[in-house]
Amino acid sequence: MPEPPRCTGSIDSRELRFSRAMVFAIEEINQSTELLPGIKLGYQIHDSCASVPLAMHVTFQLSNGLDPVFYTNNNCSHSGMVMAIVGESGSTPSISMSRIIGSFNIPQVSHFATCACLSDKQQFPSFFRTIPSDQFQSDALAKLIKHFGWTWIGAVRSDSDYGNNGMASFLDAARKEGICVEYSESFYRTHPHSRIQRVADIIRRSTAMVVVAFVASGDMRILLNELLREPSPPRQWIGSESWVTDPDLLSFSICAGAIGFGIQQSVIPGLREFLLDLSPTKVAASPLLTEFWEDAFNCQLGKGTAIDESVCDGTEEIETIQDPYTDTSQLRITNMVYKAVYAIAHAIHNAVCQDRNATTQCDKYTGTKQVLSQLKKVNFSKNGYDVSFDANGDPVARYELVNWQKSESGSIDMVTVGLYDASLPEGQEFLINRNLTWVDGGTQVPVSVCSDSCPPGTRKVLQKGKPICCYDCLLCPEGEISNVTDSPDCFPCPKELWPNAEKDTCFPKPVEFLSFDEVLGIILAAFSVGGACLAIIIAAVFFHHRTSPIVRANNSELSFLLLLSLTLCFLCSLTFIGAPSDWSCMLRHTAFGITFVLCISCVLGKTIVVLMAFKATLPGSNVMKWFGPLQQRMTVVSFTFIQVLICAIWLGLSPPFPMKNLILYKERIILECALGSAIGFWVVLGYIGLLAVFCFVLAVLARKLPDNFNEAKLITFSMLIFCAVWITFIPAYVSSPGKFTVAVEIFAILASSFGLILCIFAPKCYIILFKPEKNTKKHLMNKNDS
């Protein structure tokens, strides 16, 4: 037969404090006159050594009514009948225990088993706990990590029900918060050293600054000892309740700055005095206390010690030692034990004292099924702390946020820096009310991200084969922005808006048109006004010398009309400058078309007059009577009226109108005049071109007429320039972008107008002003005079 399992290793003085707190609570209840009057509670304390086989062995003993007592009250009147069990401290032993005693309806109230799996009432119908489920702690840890902006973390866990289930709950909550896990490793204290060494090496090599440890206290000690073997980069530890509130681990300086959630601190009046009330006689009566005493003072109780071992002489004082057993400064789990005992006592009270006066003696006999039923309804307060269970046997989840901070002396203290209450509304559960100290004692929140945040103006692009927290930041495409950090997408600006240089805001697009305020507009306007002034000056010169032969010989009436039309041509180019409006769009094209037809009609009339005048000099010719002043006026009016009619039809059917061109340039708006009807525009230009070609042909025919001042030659040159300008205008107009389209049109108007005025009138003004001797009829009629 194999030997029965036995406990090995040194005693856990923290767990001893838990068991002594249970004894303290039972003795308080037994002395109470209000709770269970006339009934004394007995107890048995068993050491499972955190071993599942030992825990199951003890559970079977309790279920069978056996009485192997390690520490017992010998005055039990009904020994062997277990009404409820307080424990276990670990989740895995608690699961094994609950599967056994659940069939017997024996209530089990744990003070430290936090696995969320134990909330399943179908599997564990008789399980209760005074410590919150890890589901609440996992949610709180995920929100804590999200609060500090950590999205890239490592995770380690105990390879047990506590660690595996707790970590699974945490990873699920972390995924919902957008947190990524670089690695998730498990280990257990009984694993080979190589396994624990591998976990430590992964932590050292990782890039995650933050490590979440869902680890039992004993496992955590082993891992930290392994990390101390080799220098390790500083890590920000985030701890579960199991180890982050264990004072035994405060000696590990590599965990300075650790934060995590712990059960609320509490005060149990009289407990410290009870714990310290140990005499050699009381200690000798308990094997557990004897082992603790001998370990604490390094001596042996009683006789028969070895030669090299000292004997406890009775002068030892428990108050003088620094040990978790005597440390009552931060009672957390101890209070969970205290509450568990009182919860069972209240359930028994309600089961045996129903409908009875509390001062009378209660019935001493009841079944575990009745106690189990009453435990579900427990609701009371003790020392200011509420005790109740929900449908899953869980209490209301309230935690303190604990931070390991270095004191001035260099030691590490647990400091409460915040609270978490799961019963509060969403978003209000979490409160930090004190400054935190981070890894290595720093005051700056450490950064733990796989990729730095993408600033506004960029978008996230996931890196192939890596978690969603690892990404590259790409600038938004042209015309698109992102105005939040870590934007997954960029979105286009509205049509009339355009991104700024940082691509994080849409601004109104700059509006572009040929303005009087810019250099190009000023130059063109100056030439327009200058051309009009030149035409007026020439008209004044002609008017002043209107009786001179050269003015009279060139049909002064048509000359003055031509100068008037040229003046209008120069001035109409001003309508193309400035912001387009309804009236300017209609005026600029129609005024341009009509004034140019008027101008060409006058030139055409002068050309015909030259031809008719030459024909009239031939013998027997009477042609001038068919093209006298009246016919000349009618010709000009007729040709101009046709253009007026074309423009009227254009304006009536589909007139030009101002529009915002959003297509030509993406980054700016071009204000321009839409043609309305493109056919109307090209008909107007075509008609002008037709008259110009006709005039050019006639001028070519008349260019060799034998007079000393042949105006036909001048008209030929002017029409040649005119046609050349407007032929080159068409491709330039079509291909010019934005406001330069308008500039090309103005340039064509000015160039052709200056061509006409200089070719036709400049030679005559030169003779009038500088060669008056040639301004005679004789000179004009002398064919041989050069």
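A residue counts as buried when its relative accessible area is under 20%, as exposed when over 50%, and as partly exposed in between (1.4 Å probe, protein chains only). Gln137 has 1% relative accessibility, so Gln137 is buried. The model is predicted: local features need pLDDT of at least 70, side-chain atom pairs count only at pLDDT 80 or more, and totals for chains, interfaces and linings use all residues. Residues are numbered from 1 along each chain as its sequence is written, and side-chain values use heavy atoms, with hydrogens and water left out.

Stay with Gln137. Its place is in helix H4 (residues 134–147); helices (H or I, at least four residues) and strands (E, at least two) are DSSP runs, numbered from the N terminus. Which residues does Gln137 touch, leaving aside neighbours within four places in sequence? They are Phe214, Gly239, Ser240, Glu241, Phe261 and Tyr399. Contact here means heavy atoms within 4.5 Å. Phe170 is 33 residues from Gln137 along the chain, and their C-alpha atoms are 8.1 Å apart.

Next come two helix pairs. Two packed helices are described by the angle between their axes and the distance between the axes. Axes are lines fitted to C-alpha atoms, for helices over the stretch in contact, and angles run from 0 to 180 degrees between N-to-C directions.

Take helix H16 (residues 556–572) and helix H21 (residues 739–770). They pack at about 155°, with axes 9 Å apart. H16 is therefore roughly antiparallel to H21, a term for angles over 145 degrees. The crossing is left-handed: the near helix is turned anticlockwise from the far one by less than a right angle, whereas clockwise would be right-handed. Among the contact residues are Leu562, Leu566 and Phe570 of H16 and Leu750, Phe754 and Ile757 of H21. By class, this contact has 13 nonpolar, 2 polar and no charged residues. Ala, Val, Leu, Ile, Met, Phe, Trp, Tyr, Cys and Pro count as nonpolar, Asp, Glu, Lys and Arg as charged, and the others, Gly among them, as polar.

Now turn to helix H1 (residues 13–30) and helix H12 (residues 333–352). Their axes come within 9 Å and cross at roughly 35°. This crossing is right-handed. Arg14, Arg17 and Glu28 are among the H1 residues that meet H12. The contact divides into 13 nonpolar, 1 polar and 3 charged residues.

Last, a sheet. Its 3 strands run in the order E20-E22-E21, open and with mixed pairing. Strands E20 (511–512) and E21 (657–661) stand at the edges with a single partner each, so one side of each has no neighbour in the sheet. E21 pairs with E22 (residues 669–674) in the antiparallel sense over 5 bridges; pairing requires at least two DSSP bridges.

Methods. Angles under 35 degrees count as roughly parallel, over 145 as roughly antiparallel, 65 to 115 as roughly perpendicular and the rest as oblique.
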